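Please view the sequence and the structure together.

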Amino acid sequence: MTDEVPTVPPVTVKCLVWDLDDTLWQGVLLEDEQVVLPDPIRAVITGLDARGILQSVCSRNDHEPAWARLCALGVAEYFVAPQIGWGRKSDAVQRIADRLGFALGTVAFIDDQPVERAEVAFHLPQVRCYDAGVATALLDRPEFSPTSVTVDARRRRQMYQAGQRRADEQARFTGPAEDFLRSLELVMRIRRADAADLSRVEELTLRTSQMNATGVHYPDQALRALLADPRYEVLVTTLTDRFGPHGAVGVLVLEKHPGVWHLRLLATSCRVVSFGTGTVLLTWLVDQAARAGVHLIADFRPNDRNRMMEIAYRFAGFDEEPCACRDRIAVDGDRAVQRLHLAARRQPAPSTFHLTAPDLAGPATVGAGRPPAPGLHRPDRGVEISRTAAGPT
């Protein structure tokens with residue numbers, strides 16, 4: 001493998017791993033404690049961060065002085081899962097990829113030493129390797145230029161860092177799992193998508209696999225058509241907790257017919273499966289359908305990865321029993337799609353989430369058999385479903 005990167009097609013880099021000495025900064029730290037960070041390199045660091053590309057460090061140095069120098073230079077916060085020590089750099093890059101959950105083909109490595117690049121390239125041939133001499137030009141390369149940068153992408157590093165703090169606290173927590181979830185003060189917001197959400201919604205339909213009911217990719221043009229069609233609801237779900245935002249974690253595409261709602265797509269991010277996010281979203285929809293007096297038909301296309309989504313549907317009560325409501329939905333000819341049926345019944349409000357959502361069923365009581373508190377019904381912002389904080393069902 002050479003330092004040249006294949007250009008057709010350029011797979012977007014998700015994480016750039018920096019060497020330090022004579023790469024990120026000028027000089028060798030063991031020889032000069034006052035190594036300098038050039039302004040053009042600082043611009044690359046901040047520019048990649050703004051594009052949602054994570055960055056890490058892989059350096060042959062003692063950790064404490066190297067990290068202290070990054071802090072003094074004001075850039076330590078930009079680097080996640082740093083690996084500073086004296087082992088093989090290929091092992092360090094592998095640990096970074098594993099920690100982030102990234103495929104090696106989405107990881108890049110930059111170093112001034114040809115022998116270090118060769119060592120990484122030999123053991124990890126999927127990783128793209130760059131000479132430090134091209135560092136200031138990285139922002140101009142297509143593999144470092146995502147076609148779109150969503151709101152979530154711009155804060156990807158902060159979300160990762162919040163996730164690490166969350167995981168560290170969970171490791172120290174000694175009580176029941178549900179108590180830990182309550183302690184997170186989870187807040188879920190379901191709202192109607194608008195044009196500004198479309199890039200993230202498209203990304204969710206494209207990248208989510210384990211918790212995607214159909215695997216159908218909805219491109220931007222198709223989503224815009226659905227937003228303009230009064231028969232459809234396109235809903236996006238965001239999640240936050242006391243550590244910070246998780247960003248957009250779910251999407252729901254619903255087609256309304258007289259007497260039956262057709263759930264064409266339900267997808268949630270795999271990052272929040274352990275919180276029960278998909279179950280809470282599905283339970284909310286079932287309750288909305290019950291309040292509206294309609295049945296639900298849900299599309300499901302089984303594959304080798306979305307078994308968890310089928311379990312969620314079955315656990316909610318969806319089955320393949322015949323019902324006259326099926327006749328109101330046109331057959332689309334895709335025999336791989338199962339159409340699961342549910343005669344909806346009222347559902348309790350979530351016990352472990354603070355939930356805000358739109359009222360799809362019209363003005364009526366919302367939540368676990370109780371009206372919203374005065375002033376909480378905001379047509380443009382949704383209806384407060386539950387004021388209790390806490391975990392998955």
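Helices (H or I, at least four residues) and strands (E, at least two) are DSSP runs, numbered from the N terminus. This is a predicted model, in which local features need pLDDT of at least 70, side-chain atom pairs count only at pLDDT 80 or more, and totals for chains, interfaces and linings use all residues. Residues are numbered from 1 along each chain as its sequence is written, and side-chain values use heavy atoms, with hydrogens and water left out.

The protein chain contains 11 helices and 14 strands. Of its 393 residues, 49% count as buried, a term that means under 20% relative accessible area (1.4 Å probe, protein chains only).

A nonpolar core is a set of buried Ala, Val, Leu, Ile, Met, Phe, Trp, Tyr and Cys residues joined through side-chain atoms within 4.5 Å. The largest such core has 41 residues, of which Leu-263, Trp-284, Leu-285, Leu-296, Tyr-313 and Phe-318 touch the most other members. Helix α10 (residues 277-292) gives the most to this core, contributing 8 residues. A second, separate core of 30 residues includes Trp-18, Val-75, Ala-76 and Tyr-78.

Attention now turns to Glu-255, which lies in strand β8 (residues 244-257). Glu-255 counts as buried because its relative accessibility is 6%. Leaving aside residues up to four places away in sequence, Glu-255 touches Arg-231, Tyr-232, Val-260, Trp-261, His-262 and Arg-264, where contact means heavy atoms within 4.5 Å.

Note on methods:
Buried < 20%, exposed > 50% of the residue type's maximum accessible area, 1.4 Å probe, protein only.
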